[in-house]
Amino acid sequence: MESKDYKVIKIEGEYATLLDEESKEELFIAMALLPPGTDIGTRLHYEMLEYTIITDKD
């Protein structure tokens, strides 16, 4: 399965809208499937059926 990077652009109740950073397609997904601490603006990496938060290291 292909890995992808997303950005959370909207949260409505129990669901989040993710934007695929490469194709710009939107994905509607349950918050229960996302890691704790996910909020609007969070960048996520999806691989092997799991989402992880991408942290920017400066």
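Analyst: Two strands count as paired if DSSP finds at least two bridges between them. The model is predicted.

Start with the hairpin of E2 and E3. Five residues lie between its strands, and Lys-24 takes a positive phi near 65°. E2 and E3, the latter covering residues 26-30, run antiparallel and are joined by five bridges. Within this pairing, Leu-19 stands opposite Glu-26 in E3.

E1 spans residues 4-12 and E2 spans residues 15-20. Six bridges join them, again in an antiparallel arrangement. Lys-10 faces Thr-17 across this pair. The E1 and E2 hairpin has two residues between its strands. Gly-13 has a positive phi near 65° there.

Next, the whole chain. The order of elements is β-β-β-β-β from the N terminus. The radius of gyration is 11 Å, close to the 10 Å of the globule rule for 58 residues, so the chain is as compact as a globular protein of that length. Its C-alpha atoms fill a box of roughly 30 × 25 × 20 Å along the principal axes.

Of the 58 residues, 24% are buried. Among contacts with a separation of 6 or more, 32% link residues 24 or more positions apart. The accessible surface is about 4300 Å², and carbon and sulfur atoms hold 50% of that.

Last, charge. The chain carries 14 negative and 6 positive side chains. The centres of these two sets are 4 Å apart.

Methods:
Residues numbered from 1 in each chain as written. Predicted model: local features only at pLDDT ≥ 70, side-chain atom pairs only at ≥ 80, totals over all residues. Heavy atoms only, no water. Helix = DSSP H or I, 4+ residues; strand = E, 2+ residues; numbered from the N terminus. Rg over C-alpha atoms; globule rule 2.2 N^0.38 Å. Buried < 20%, exposed > 50% of the residue type's maximum accessible area, 1.4 Å probe, protein only. Contact = heavy atoms within 4.5 Å. Areas by Shrake-Rupley, 256 points an atom, 1.4 Å probe, with all protein chains shown as cover. Lys, Arg positive; Asp, Glu negative; His and termini not counted. Charge placed at Lys NZ, Arg CZ, Asp CG, Glu CD.
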